Amino acid sequence: MTFYAMDSEIRSYFNRFTKDELLTILSYFEQTCPKKAKKVELVDMVTAFIGGNPREWLYRLPERDLRTMRDIADAGPENWVRMDSPEYPSVAALLGLIYIDDNSFDDIMTSMDFSLFFPVASIIDQVIAEKERDGSFRTERSALGILNIYGAIPVEEFVEKVFDMYDEDGSGKDVTLAMAECPVVSMNRVFYNDNFYIISPYAYDYEDIIDKLNACVIRMKERQDIMDKKGLEKYDGAAIY
């Protein structure tokens, strides 16, 4: 298949998408587009980016999606493979870059359109190897670990915890800076009650989690004030409720 034919197939694939779906793809990958762009213009932009820069957009996907896409590449074009099923959605599936058949709760099957298969299959192993080598996957796993413990956490506290986690081996600053590019962090950042938070992808009701978190902080401060007035030792945060 020539590049022209492949480009034509990719364009045909994305032409099925709505304007909002095309804008979501461009937004996730931080691609700018003209205001009030027509659908044909958006299709052209998505086609050029996805078809012309597979390494760039693949690098921005989470580890789970990359390994799923490698399974699809190993299975061959338009074949279906079983997908792991954590309780949060696949970014690639939400963007329409892979197909998901979730009719069965136990067996979630996934595949990829023929037009996207060859650009992905040609470079997916290289992208995974690069992210393993440069520590991106390590960073992503650390972010998930922290977020799944807290559910929701202010950005400043999240950065502090990441830094503390890696500061002993001298990599705290580098890992903290790398978090800015981590897909798990970028896609789970929210603004709520005048503050920025990062939430776990498992958190279905992050507003409730944040409200309870803030209530706990207030109670801890009130109890610490009481302890201070009585001249007692610093409250250690235990027995919040």
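Which side chain meets that of E30 in a salt bridge? It is the side chain of R60, with 3.3 Å from N to O, where a salt bridge is a side-chain nitrogen of Lys or Arg within 4 Å of a carboxyl oxygen of Asp or Glu. Before I go on, let me say that this is a predicted model, in which local features need pLDDT of at least 70 and side-chain atom pairs count only at pLDDT 80 or more, while totals for chains, interfaces and linings use all residues. Residues are numbered from 1 along each chain as its sequence is written, and side-chain values use heavy atoms, with hydrogens and water left out.

Back to that pair: E30 is exposed, with a relative accessible area of 63%, and R60 is partly exposed at 27%; here buried means under 20% relative accessible area, exposed over 50%, and partly exposed in between, with a 1.4 Å probe and protein chains only. In total the structure holds 10 salt bridges.

Let me turn to the packing of two helices, where helices are DSSP runs of H or I with at least four residues, numbered from the N terminus. Helix 5, residues 63–75, and helix 9, residues 136–150, pack at an angle of about 125 degrees with their axes 10 Å apart, the axes being lines fitted to C-alpha atoms over the stretch in contact and the angles running from 0 to 180 degrees between N-to-C directions. That makes helix 5 oblique to helix 9, since angles under 35 degrees count as roughly parallel, over 145 as roughly antiparallel, 65 to 115 as roughly perpendicular and the rest as oblique.

In this contact, meaning heavy atoms within 4.5 Å, E63, R64, L66 and R67 of helix 5 meet F137, E140 and R141 of helix 9.

E63 counts as buried at 12% relative accessibility, whereas R141, at 47%, counts as partly exposed.

D125 sits in helix 8, residues 124–133, and is 55 residues from R70. D125 is partly exposed at 44%, and R70 is partly exposed at 25%. Finally, salt bridges that share partners join E63, R67, E132 and R141 into one network.
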